[in-house]
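Here is a brief report on one chain. It covers model confidence, helix packing and a strand pair.

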Amino acid sequence: MQQRNTVLSALLILTMAASATFAGEGLSRQDRSELIGRLEQTQQELASSVAGLSAAQWTFRAADDKWTIAQVVEHLVLSEGQIRGRVEELVSGEVAAPRPAARTEEVEGAILRFVRDRSQQFNAPSPIQPAGRFETAAAGLDAFRAERAISVDYVRTTDVDLRAYRSAFPPADLELDGAQWLLFMCGHVQRHLDQIEEVKRSPGYPAS
């Protein structure tokens, strides 16, 4: 009996050690918490931005070459799945060499500066071009929330160290790791929140 207990205890210790090692190789607690916080915060900011919009406000076009708020939100819905898919594809590839912490902070600062700079305009690729899918702000927001819930669940449950995989981000001449691609996704929402506010400030925007 004593020998059996000794064996069971040894197996339990080995199991716990293996679990600890496995968890340690995944996304850090700080990274996980910060990413979830950013994902939830930017979702709430979008919800506040489009809350109570009338049909006229939702579809108002400031100029022929400008997007409506409806188009902006649809673009965010489509972009969410595409960027998340990029991360999932990235972590199926090869592990990159570790990056110094100072360089990591430098890259993340550059990401946020780049993505919020609306003096630089880009044409969205055809897969994430809006096509009038959502007739109301509520429908568009519900679709975004559904996509964002998948993103939050991915960050909350992944056992992969997203910092260990990187790929190029040519527009800013940067190489982003998996966590930074998700940071970019949050910054991308903030970029388009700025765009929504530009629409609201445009001459002729409906009061209601």
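## Confidence

The chain has a mean pLDDT of 88, and 88% of its residues reach 70 or more. pLDDT is the predictor's confidence in each residue, from 0 to 100. Residues 1-24 stay under 50. For that stretch the model has one contact beyond four places in sequence; contact means heavy atoms within 4.5 Å.

This is a predicted model, where local features need pLDDT of at least 70, side-chain atom pairs count only at pLDDT 80 or more, and totals for chains, interfaces and linings use all residues. Residues are numbered from 1 along each chain as its sequence is written, and side-chain values use heavy atoms, with hydrogens and water left out.

Helices (H or I, at least four residues) and strands (E, at least two) are DSSP runs, numbered from the N terminus. Axes are lines fitted to C-alpha atoms, for helices over the stretch in contact; angles run from 0 to 180 degrees between N-to-C directions.

The axes of H2 (residues 29-50) and H6 come within 10 Å and cross at roughly 175°. H2 is therefore roughly antiparallel to H6 (angles under 35 degrees count as roughly parallel, over 145 as roughly antiparallel, 65 to 115 as roughly perpendicular and the rest as oblique). H2 contributes residues including Leu35, Leu39, Leu46 and Val50, and H6 residues including Leu141, Phe144, Val152 and Val155. By class, the contact has eleven nonpolar, four polar and six charged residues. Ala, Val, Leu, Ile, Met, Phe, Trp, Tyr, Cys and Pro count as nonpolar, Asp, Glu, Lys and Arg as charged, and the others, Gly among them, as polar.

## H4 against H6

H4 (residues 69-90) packs on H6 (residues 137-157) at about 15°, with the axes 8 Å apart. The two helices are therefore roughly parallel. H4 passes H6 in a left-handed crossing (the near helix is turned anticlockwise from the far one by less than a right angle; clockwise is right-handed).

Val73, Leu76 and Val77 are among the H4 residues in the contact, and H6 brings residues including Leu141, Phe144 and Ile150. The contact of H4 with H6 divides into nine nonpolar, three polar and five charged residues.

## H2 against H7

H2 and H7 (residues 178-201) have axes that come within 10 Å and cross at roughly 15°. They are therefore roughly parallel. H2 passes H7 in a left-handed crossing.

Leu35, Leu39 and Leu46 are among the H2 residues that meet H7, where the partners include Leu182, Cys186 and Leu193.

S1 (residues 166-169) and S2 (residues 174-177) run antiparallel, joined by four bridges. Strands pair if DSSP finds at least two bridges between them. Arginine 166 stands opposite aspartate 177. Alanine 168 stands opposite glutamate 175.

Four residues lie between the strands of the hairpin. There, aspartate 173 takes a positive phi near 55°.
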